[in-house]
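Hi,

Here is the structure I promised to pass on.

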Amino acid sequence: MTTTKRTKCPICGKPVEWQNTPARPFCSERCKMIDFGNWVDEEYGVPAEEAQPSLDEIEQSSAAQAGKAQG
Ligand SMILES: [Zn+2]
C-alpha cells in the first residue's frame with residue numbers, strides 16, 4: 001500500500017509532497033527560511049537590516065577601554 005502524505009506549505013499554501021520534500025512541511029528551503037525569519041523576529045524583536053559591528057571595531061573599542069582603565 002502506497003500512500004503519499006500531502007500537506008500544505010504554511011507560508012505560501014502550495015501542496016507539499018511529504019516524501020519528496022526535504023524542506024517539509026514547507027514547499028521549499030525558501031519558505032522554510034521565511035518562516036524561520038518570522039519566529040526569530042518575534043522572539044528577539046531584532047530588525048533583520050540592522051548592521052552588526054565588525055569584529056575589528058569591537059576589538060578596537062575594548063582595547064581603548066582597557067587602556068583608559070590602566071592609565
Ligand atoms: Zn511555500
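A quick definition to start: a residue is called buried if 20 or more other C-beta atoms lie within 10 Å of its own, exposed if 12 or fewer do, and partly exposed in between, with the C-beta atoms placed from the backbone. By that count, 6% of the 71 residues of the protein chain are buried.

Two notes on reading this. It is a predicted model, where local features need pLDDT of at least 70 and side-chain atom pairs count only at pLDDT 80 or more, while totals for chains, interfaces and linings use all residues. Residues are numbered from 1 along each chain as its sequence is written.

On confidence: pLDDT is the predictor's confidence in each residue, from 0 to 100. The protein chain averages 81, and 76% of the residues score at least 70. Among the elements, β2 has the highest mean pLDDT (94) and helix α2 (residues 55-70) the lowest (72). Where pLDDT is low, the predicted coordinates should not be read in detail.

Now the layout. Helices (H or I, at least four residues) and strands (E, at least two) are DSSP runs, numbered from the N terminus. The protein chain has two strands and two helices, in the order β-β-α-α along the sequence. Two residues are in contact if their C-beta atoms, placed from the backbone, lie within 7 Å. Of the contacts with a separation of 6 or more, 5% are between residues 24 or more positions apart.

Next, the loop between β2 (15-17) and α1, where serine 28 is found. Serine 28 counts as partly exposed because it has 17 other C-beta atoms within 10 Å. Its C-alpha is 9.9 Å from that of isoleucine 11, 17 residues away in sequence. Proline 25 lies in this loop too, and the peptide bond from arginine 24 to proline 25 is cis, with omega near 5°. Most peptide bonds are trans.

Last, cysteine 31, which sits in helix α1 (residues 29-44). Leaving out residues up to four places away in sequence, cysteine 31 touches Cys9, Ile11, Cys12 and Phe26.

Cheers
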